[in-house]
Amino acid sequence: DCNIGANALYDYGNYYAWGETYTKESYTPENSKTIDKNIHNISSSYEYDVARRKLGSPWRIPTKNEFEELIEECTWVKGEVLGNSGYIVIGPNGNRIFLPAAGYYSYDTIDSGSGYYWSSSGADDASTVTASFLYFCPYTSSYRVDWTGRWDGYTIRPVF
């Protein structure tokens, strides 16, 4: 019910570059472990999936398709829990999760206010420098799946 490294559902947790299982003080293309590697799915990989590495089987990072299903099949409601804004995502069965807008870590700076969550899927164009992620902004009521450079530090919401 919370991000990797968080102690409660409203906590941001840790930031990870795509395919990395450790945190860093700076997130750059130069120190990315997976940039220019022909890796397009890290789900359930002990080497690249931080959810599997930290929590064990059957935990893993969600796929791009699972994030798209979350957008298409669920109701998104802006919310705040103990001062942290984000979205309460309500499934068709009534189950709900809170996704805090933890921002992202780029170089040595955190940019907060929106949510950035890595998927386990590389970008659709078979790029070796980009990967897919879930983006949302509570202030503009927008959410989507997109792709970006693998080196930035994003949060991870594990699934099984």
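On a 1 Å grid over the protein atoms alone, a pocket is an open set of points with protein on both sides within 12 Å along at least five of seven lines, a cavity is a set where a 1.4 Å probe fits but cannot get out, and lining residues have an atom within 4 Å of a point. The model here is a predicted one, so local features need pLDDT of at least 70 and side-chain atom pairs count only at pLDDT 80 or more, while totals for chains, interfaces and linings use all residues. Residues are numbered from 1 along each chain as its sequence is written, and side-chain values use heavy atoms, with hydrogens and water left out.

Start with the open space. The largest pocket holds about 710 Å³, a volume being the space filled by probe spheres set on grid points that are joined across faces, edges and corners. Its lining runs to 31 residues, and those nearest the centre are Leu 70, Ile 97, Arg 157, Pro 158 and Val 159. By type, the lining of the largest pocket splits into 20 nonpolar, 5 polar and 6 charged residues; here Ala, Val, Leu, Ile, Met, Phe, Trp, Tyr, Cys and Pro count as nonpolar, Asp, Glu, Lys and Arg as charged, and the others, Gly among them, as polar. Helix H2 (64–73), strand S2 (84–90) and strand S3 (96–100) each put at least two residues into this lining, and H2 gives the largest share, with 5.

The structure has 1 cavity of 30 Å³ or more, and the largest cavity comes out at about 40 Å³. Its lining includes Tyr 16, Trp 18, Tyr 48 and Trp 118, and divides into 9 nonpolar, 2 polar and 1 charged residues.

Arg 144 sits in S8 and is partly exposed, at 38% relative accessible area. Leaving aside residues up to four places away in sequence, Arg 144 touches Ile 71, Phe 133, Leu 134 and Tyr 135. Its side chain also makes a polar contact with the side chain of Asp 146, at 3.1 Å; such a contact is a pair of N or O atoms within 3.5 Å, where within protein one must be able to donate a hydrogen and the other to accept it, and residues adjacent in sequence count only if both atoms are side-chain atoms.

Most residues other than glycine have a negative phi, and most peptide bonds are trans. The bond from Ser 57 to Pro 58, however, is cis, with omega near 10°, and Pro 58 lies in the loop between helix H1 (50–55) and H2. Leu 82 has a positive phi of about 45°, is found in the loop between strand S1 (75–81) and S2, and is exposed at 66%. Ser 141 has phi near 55°, in the loop between strand S7 (130–137) and strand S8 (142–149), and is partly exposed at 41%.

Technical notes: Helix = DSSP H or I, 4+ residues; strand = E, 2+ residues; numbered from the N terminus. Buried < 20%, exposed > 50% of the residue type's maximum accessible area, 1.4 Å probe, protein only. Contact = heavy atoms within 4.5 Å.
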